[in-house]
Amino acid sequence: MLHTLITIVASLSLLALSLHLGWRLAQASGLLPRRAQALWRSARMSLPRRTELSASRWCSHPLLQIALLALGIRLAVYLLGWAFHMSAMSTSGQYVGFWPSLDDIWAKWDAPHYLSLAEIGYAAPQNPLHIVFYPLYPWLVRLGALLTGDFFAAATLVSILCFTVASLVLYRWVEDETQDAELAQRSVLYLALFPFSFFYGAPYTESLFLLLTVSCIWRLRRGDWYSVAVLGGLAALTRNQGILLLVPIAIEAWRQRQQIALWQRLLALIGTASGFASYLWLNQHIFGNAWQFRIAQKTNWQQDFGFFAQNIANIWQGMLTDTHNMVFGIWLPTLICFAGALALLAWGRRRLPASIQAYALVYTVISFSPTWLLSGPRYMSVLFPLAVLLAMWATPARRRWLEPALAGLLSLAIYLFIRGWVY
């Protein structure tokens with residue numbers, strides 16, 4: 001009974017958000033009858049108006065402050081991870097220095113696969129399962145290793161650099177959209193304090209994917225369709241969710257149809273799709289099957305594409321029956337992230353452009369659709385519109401407890417990762 005109820009509630013939540021988004025898109029595209037638009041405006045005028053956040057600047061060099069904020073929190077994450085690692089090893093009397101500990105702490109779970117790909121590539125005899133990992137991040141790590149001489153060091157530097165630049169781009173995008181520098185800076189802060197943001201400094205794709213997606217959205221909203229074509233294609237070559245950028249690109253292509261030539265809009269759509277097409281070609285070239293990655297996912301991870309609401313219900317069932325490390329390391333954070341994302345998207349349904357709202361909604365649904373979902377919170381860490389909405393929601397009174405709570409949850413997530421409970 002409870003399993004069915006959770007499935008229904010999750011489905012209805014998505015339906016309500018989708019209907020509201022469809023209404024906004026119909027308004028933006030001029031598809032609504034004039035009488036319906038007039039009735040809508042009349043209803044909106046009868047509601048109390050929202051109070052907008054005032055614009056202010058925190059310093060004369062905000063980009064420098066953003067860079068220092070991003071790097072400072074990354075350093076704090078490394079130090080905290082080292083402290084937890086030393087605490088775990090204290091019973092054996094061993095001491096590991098800060099720098100030597102980085103590899104032991106952060107190169108786990110998927111990270112060794114990316115490092116192996118950077119070193120040997122997609123060599124089928126070595127590990128045919130590597131095909132499930134997209135190639136752009138390993139390629140950049142391999143390029144960085146030419147300078148550092150060490151693949152782990154190169155991967156760490158690539159991740160830190162990408163996150164720092166992504167933070168700067170996020171700041172610029174939010175400031176462009178809202179004319180509120182304080183809101184833009186808080187958005188970066190909450191992105192960096194997200195409980196699973198420690199992956200930004202590990203040998204994972206999170207930082208690169210974040211950089212490419214936020215840059216693509218920024219340039220899309222600025223009408224730079226050439227950059228969108230390149231950035232969208234690179235994002236689709238980094239992670240499977242990259243192809244979802246087609247959603248905001250298609251919406252903005254329709255919205256800007258009077259200002260932008262058709263061939264430019266088509267170029268952005270084709271460029272983004274070409275990233276995923278290149279990945280399919282890689283599968284075909286190595287294995288003779290463009291969909292080999294799906295076979296590897298099913299045979300090794302029992303992974304398939306399912307109905308997200310059913311998956312949420314299954315995760316709840318795991319909460320009640322699984323071991324405590326799975327409950328507190330995976331299932332509970334996954335449920336909290338899903339509920340929190342839907343709550344923020346519902347609250348912010350009129351506060352973000354319709355194209356961004358659509359991207360966030362589709363990304364959430366697709367990210368919770370894998371039938372064996374172990375990394376849901378990690379996937380959601382790069383959905384930057386949530387950080388912007390959280391910054392909008394965080395009034396001065398709420399910030400007094402919100403920011404310490406985020407920092408505390410980040411510390412807890414790092415501890416659970418050190419213990420091997422978080423993937």
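1. A cavity, as the word is used here, is a set of grid points where a 1.4 Å probe fits but cannot get out. In this predicted model, a search of the whole structure finds 1 cavity of 30 Å³ or more.

2. Two or more lining residues come from each of α5 (111–120), α13 (292–301), α16 (354–367) and α17, with α13 giving the most, 5 residues. The lining divides into 20 nonpolar, 9 polar and 6 charged residues.

3. The second largest pocket has about 810 Å³ of space, and Phe194, Pro195, Ile336, Leu406 and Leu409 are the closest to its centre among the 29 residues of its lining. Here the elements giving two or more residues are α8, α15, α18 (384–393) and α19 (396–418), and the lining consists of 27 nonpolar and 2 polar residues, with no charged ones.

4. The largest nonpolar core has 129 residues, of which Trp106, Leu170, Trp173, Phe198 and Phe384 touch the most other members; its largest share, 13 residues, comes from α7. Leaving aside neighbours within four places in sequence, Leu170 is in contact with Ser187, Val188, Leu191, Val214, Phe384 and Val388. As general background, nonpolar side chains tend to be buried together in soluble globular proteins.

5. Two polar residues deserve a separate look. Asp180 sits in the loop between α7 (151–178) and α8 (181–193), and because its relative accessible area is 2%, under the 20% cut-off, Asp180 counts as buried. A polar atom of the Asp180 side chain lies 3.1 Å from the backbone nitrogen of Glu182.

6. Asn283, placed in helix α12 (residues 262–287), is likewise buried, with a relative accessible area of 0%. The Asn283 side chain reaches the backbone nitrogen of Phe293 at 3.0 Å, and, not counting residues up to four places away in sequence, Asn283 touches Ile131, Gly288, Asn289, Ala290, Trp291, Gln292 and Phe293.

Conventions. Residues numbered from 1 in each chain as written. Predicted model: local features only at pLDDT ≥ 70, side-chain atom pairs only at ≥ 80, totals over all residues. Heavy atoms only, no water. Helix = DSSP H or I, 4+ residues; strand = E, 2+ residues; numbered from the N terminus. Buried < 20%, exposed > 50% of the residue type's maximum accessible area, 1.4 Å probe, protein only. Polar contact = N/O pair within 3.5 Å; in protein donor to acceptor, adjacent residues only side chain to side chain. Contact = heavy atoms within 4.5 Å. 1 Å grid on protein atoms, 1.4 Å probe; cavity = no way out; pocket = protein on both sides within 12 Å on 5 of 7 lines; lining within 4 Å. Points joined across faces, edges and corners; volume = space filled by probe spheres on them. Core = buried A, V, L, I, M, F, W, Y, C linked by side-chain atoms within 4.5 Å. Nonpolar A, V, L, I, M, F, W, Y, C, P; charged D, E, K, R; others polar.
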